[in-house]
Amino acid sequence: MALQLIDTDVHNYPASMATLTPYLSRHWQGYVEQSGMKTPAASMYPKVFAAAARRDAWPPNGNQPGSDPDFARRQLLDEYDIDVAILNPLVAASSLHNHDLANALMRAVNEWTAHDWCAADGRWRGSIAVNSRDPEASAREIEHWAQDGRFVQVLLLVRSHAPYGQRQFRPIFRAAAEAGLPVGIHFGGGGDVPITACGWPSYYIEDHTVMSQAFETQLVSLVCEGVFSELPDLRVVLIEGGFAWLPALLWRLDKNWRGLRSEVPWLTELPGDIVRRQVRATTQPMEEPDNPEHLLQILDMIHCDEFLMFSTDYPHWDFDAPDRALPKQIPEVLRRRILADNAAQLYGLG
Amino acid sequence: MRRSSMAWVDVAATSLADGVHHVELDDGRGIALLRRGGQWWALRDVCPHQGARLSGGTMRGRVAPCLPGEEISLNDEEPVLVCPWHGWEFDVVTGRSLADPCRQRVRSYDVKVEAGRVWVQA
Ligand code: FES
């Protein structure tokens with residue numbers, strides 16, 4: 001039977017570094033123990049709730065939300081009858097200045113996803129965490145897992161030290177395209193640069209709202225630097241970035257391309273067409289206009305029924321409930337595409 | 001509009017701790033029962049936004065409006081219940097959302113304490 005509900009954005013967290021140490025070499029085990037280092041996380045503002053989590057998502061053992069596969073299975077997969085859920089571990093290995101340690105941690109996170117999560121329930125699928133500071137090592141990491149069907153994409157965080165279209169990052173995108181894996185670019189992260197083009201905002205509400213600025217930057221960079229042109233098989237997924245901003249951005253980019261195309265001669269077609277062909281987005285956090293019809297109009301403007309894939313963002317506080325998040329006005333065929341068909345097609349599920 | 005069939009239902013002992021509690025009526029309806037000292041409130045235990053159980057949330061004073069840079073203060077006389085998912089705040093008396101009081105409202109119930117028990121008119 002065809003899959004009915006695919007959740008394209010769920011977060012698994014190690015309860016602590018001790019969760020990951022079994023997957024580190026003896027050297028790094030000793031290093032972690034001796035230094036007492038904590039799991040690196042990219043978080044610049046105190047969140048609305050502890051761990052940025054739904055207040056009911058703390059497992060009974062009191063550990064970090066998203067750290068207990070069995071509790072997550074019950075609270076998410078069983079509760080909502082989810083057929084497949086894609087895990088995006090948000091361990092910020094790239095924030096470590098010690099690249100050897102970051103690469104060891106990247107491997108450990110992927111081993112932990114495979115052994116502690118995917119092996120525990122066949123509905124979990126993994127994303128390959130990579131270290132954007134070391135694209136060559138990341139490419140090798142992608143090759144390492146490429147044949148393991150439990151992993152269905154490569155995971156980057158949207159806030160980076162430089163735009164991902166730049167050539168330094170190309171090994172990651174090449175390896176992903178060669179492996180037939182989409183690259184998911186997820187909300188969050190941070191480089192050595194302010195999180196907005198105008199500096200540091202004061203409040204979490206600003207941080208959370210203007211994340212779309214980073215998504216716009218990455219998307220325009222990937223298009224303009226010719227990543228999609230060089231890698232026609234590459235697919236990129238914008239995860240947790242919203243999507244209502246997309247039509248305006250593409251109108252602007254398409255218009256500018258008409259006059260500025262000689263600057264980027266590898267761009268031989270309308271940027272909007274490239275994006276519609278090679279980019280997808282997840283739904284959460286659903287934009288919630290007062291008039292839900294406006295959302296349908298936005299979808300119409302994006303002009304691509306394959307574009308959106310449903311996501312909950314469990315266990316985070318801005319979780320979207322599968323039975324409540326999509327407005328009733330969305331027609332049945334499109335609803336089915338969003339809830340399952342588009343993700344099944346992109347990730348080769350079912 | 002209150003339904004005419006509403007009756008007083010015994011939902012809890014008065015020894016219940018301060019805070020937010022989930023109680024279930026015989027017909028399966030969930031109630032978020034709130035206590036602060038001698039004050040009690042009851043709201044339907046379903047958030048009108050996306051359906052979270054409000055009893056998993058927290059009760060606190062409402063943040064009083066002020067200008068940028070002024071001291072931010074809590075008005076404990078007018079508590080709100082904060083939804084455990086997306087943080088919407090609801091007036092514990094009226095059930096109205098602070099952000100959108102006309103359109104987003106959770107049902108509120110009258111509460112009384114009698115004979116050592118807490119009763120909700122539901
Ligand atoms: S479900 Fe309560 S605020 Fe969204």
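Which residues line the second largest cavity? In this predicted model, the lining is made up of Leu299(A), Ile302(A), Cys304(A), Asp305(A), Phe307(A), Leu308(A), Leu334(A), Ile338(A) and Asn342(A), and the space that they surround comes to about 80 Å³. Helix 12 and helix 13 (332–347) of chain A each contribute at least two residues to this lining, and the largest share, 3 residues, belongs to helix 13 of chain A. When the lining of the second largest cavity is sorted by class, 7 residues are nonpolar, 1 is polar and 1 is charged.

Helix 12 of chain A also takes part in a packing contact with helix 10 of chain A. The axes of helix 10 (residues 246–260) and helix 12 (residues 293–302) of chain A come within 9 Å and cross at roughly 30°, and the crossing of helix 10 of chain A with helix 12 of chain A is left-handed. On the side of helix 10 of chain A, the contact involves Leu246(A), Pro247(A) and Trp251(A), which meet Ile298(A), Met301(A) and Ile302(A) of helix 12 of chain A. The residues of this contact comprise 6 nonpolar, no polar and no charged.

A search of the whole structure finds 2 cavities of 30 Å³ or more. The largest cavity holds about 220 Å³ of space and is lined by 22 residues, of which Ala92(A), Ser94(A), Val130(A), Ser132(A) and Leu157(A) are the closest to its centre. Strand 4 of chain A gives the most to this lining, with 4 residues, and by class the lining of the largest cavity has 12 nonpolar, 8 polar and 2 charged residues.

The lining of the second largest pocket divides into 17 nonpolar, 8 polar and 7 charged residues.

The contact between the chains takes 14 residues from chain A and 16 residues from chain B. About 1,100 Å² is buried between chain A and chain B, and carbon and sulfur atoms give 44% of this area. Within chain A, the residues that lose the most area to chain B are Phe49(A), Arg55(A) and Arg324(A), which together account for 44% of what that side buries.

Note on methods
Residues numbered from 1 in each chain as written. Chains lettered and ligands numbered in written order. Predicted model: local features only at pLDDT ≥ 70, side-chain atom pairs only at ≥ 80, totals over all residues. Heavy atoms only, no water. Axes fitted to C-alpha atoms, helices over the stretch in contact; angles between N-to-C directions. Left-handed = near helix turned anticlockwise from the far one by under 90°. Contact = heavy atoms within 4.5 Å. Nonpolar A, V, L, I, M, F, W, Y, C, P; charged D, E, K, R; others polar. Buried area = accessible area lost by both parts, 1.4 Å probe. 1 Å grid on protein atoms, 1.4 Å probe; cavity = no way out; pocket = protein on both sides within 12 Å on 5 of 7 lines; lining within 4 Å. Points joined across faces, edges and corners; volume = space filled by probe spheres on them.
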